[in-house]
Amino acid sequence: MTASCRFTFRLMMLIFPFWLMPSLTFAAIPTLVIEGDTVKLEQFQMGYFVDSTEKMSFPEVQRQDFQPSSNSVSLGLEAKTTWAQIKLENVNSTALKLYLHDPYAYHNHILELYEVVDGKLTRQRILDMDRKETQQWMYRGSAVFDITLPPKSHKTLYIRSVSSSHQWFSLSLYDEDDSKRALLTLFTDIALLVGVLLALMVYNLLLFLSSRLREHFFYACYLVSGGFWIALTYGLLGNLFDVYGTMTLKWHLSLGAMPIFLLLFMIHIFETKKKYPIEHWALLLNISLLVANAIYGLFDIVTALSYSSTLAAIMMIISLSVTLSMLIRKHPMALFFLLGHGLFVFFSSLSVLFYKGMVEFNYINSHGVGIGIMVEALVLSLIIAYRIRMLENLKVAQVELKLLASTDSLTQLFNRRHFSNEANAILEKNQRAKEAITVTVLDIDFFKKINDAYGHGLGDKVIIRVADALRAQCRRQDIFARYGGEEFVILMPNTYLNEAYTLAERIRQELENVVIPIDQQQSVSFTVSIGIAEVDAETPDLQAAINRADKALYKAKNNGRNQSQRFSP
Ligand SMILES: Nc1nc2c(ncn2[C@@H]2O[C@H](COP(=O)(O)OP(=O)(O)OP(=O)(O)O)[C@@H](O)[C@H]2O)c(=O)[nH]1
């Protein structure tokens, strides 16, 4: 060996331990030293190993290298069978009873606990979520295993967890009191979340029942499926009803239903079918994918769930693009939707990354979908309130427009068009009953002279006064209108000619006595002439009846005005 070789070798020997050391330090799983009898370990170091063969024996597993990690890990879709390793040392001179908790056990298929002392297996427990008799270690959704640590002893725990789809778990160690406390406070946050969603769901169902607007129905369905899935996936259902395993796995189909309802809500709230065909087809295509996956899930839920993260990502991209497109087109609700849906997408993306094992295990990442749905639901409630207000304003505007189109602006009586519609409807209804119906036409006498002598302003006052008389004298069932300039018409259902004549005379007499003051000295009086004719019961024709009443009116004018005349053939 040359001098330079020797130097290089010595240098390498010098450097190698330092180069190796970090990896050795990295690979070591620290022992949790327990001193005293209070144990509340919620954050500690342990090791995990992913058994990609999914069938390694325990002795084989014991020989594997475990990756150091924190006590909460999310390992994604590929890690179906995972082993956790926890090293314990009781330095007390008394024995200790500990409780190992896995609050996310409800989503696993199998959970096994192996206790090893000095390399020898001392106790083994297998918890199969599909076998009732093994569920003695399940307590309201959490797996709880009791572990005894003899005085001054070491023990290594191996926890095998078999997941049906995505793999994540969080382990904690407690003494008896803290174990009870931890179980008591579980799921209060989820219960609150689900409660708010259910309240919003009831509110939207009521809105749907009163308005029949489908967006409320789809939104209520979205909240039901979302709330149900949150209750299921975050363990509330397991906690309340003690159901786990394959049965609950199937219920994860609600995860497929949730985005379908949200997209249907979008279609209705943005009215894409009518107004935005490209966006409409994009949303329909997305719905078809989700429906296909949901149907597939009826037969093979595990495979369907494995696609759910990818489908969720596609759904987020399409729904966000449609919302952005609505924003560009200045849709009034787009900004609210973008805010609500943007927050949903943000939190759900964290969740997707979490389920795929790509981000750290923390409350927000592990509860992302739930938080996203909640925040979105609250913001979308604003959209619903805004839309209700918009529709109310539209309704008021429509009523105003309808009124405007059917009334005469000077007298506020119905106009000729509206009168004809209403009168024809009455004649049609009367076709079977064939009750007597009478038409009366009223015309102001020498109105031109009034206009010429006192101006149009006073002429208008006379017209308004005639309208007032009609309002005062006509009965509830009568329909009356300003038919032309100074001509009025009344349709009197269930009224014979002579009865109509009496009413017409009452109107004429009232108007005959009207005095409209012009100034201190001057005033104006006027008269009206009236023609009355019955509608032919056999061939009820409104225009024919008005023509006959006009003929009677002509007779009244010719006879010297200020009188009522009945039509006689
Ligand atoms: N002030 C006012 N005048 C109107 C209005 N509409 C129509 N007129 C006038 O009503 C008058 C109708 O006159 P004519 O049809 O000749 O009938 P008349 O003077 O009442 O005579 P007779 O019907 O034969 O008694 C015209 O001078 C129209 O200008 C209105 O809204 N206001």
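Let's start at the ligand: helix α17 contributes the most to the shell around it, with four residues. Helices here are DSSP runs of H or I with at least four residues, strands are E runs of at least two, and both are numbered from the N terminus. Please keep in mind that this is a predicted model, in which local features need pLDDT of at least 70, side-chain atom pairs count only at pLDDT 80 or more, and totals for chains, interfaces and linings use all residues. Residues are numbered from 1 along each chain as its sequence is written, and side-chain values use heavy atoms, with hydrogens and water left out.

The ligand is surrounded by 16 residues, each with a heavy atom within 4 Å of it. Among the closest are Phe446, Asn451 and Asp460. For a side-chain N or O atom of Arg561, the distance to a ligand oxygen is 3.0 Å.

Now turn to the largest pocket, which has 37 lining residues. Ser72, Pro103, Tyr104, Ser170 and Phe361 lie nearest its centre. Strand β5 supplies the largest share of this lining, four residues. Domain 1 (29–184) and domain 2 (188–397) each give at least three residues to the lining of the largest pocket, with domain bounds taken from an automatic or database assignment.

Key: A polar contact is a pair of N or O atoms within 3.5 Å; within protein, one must be able to donate a hydrogen and the other to accept it, and residues adjacent in sequence count only if both atoms are side-chain atoms. On a 1 Å grid over the protein atoms alone, a cavity is a set of points where a 1.4 Å probe fits but cannot get out, and a pocket is an open set with protein on both sides within 12 Å along at least five of seven lines; lining residues have an atom within 4 Å of a point.
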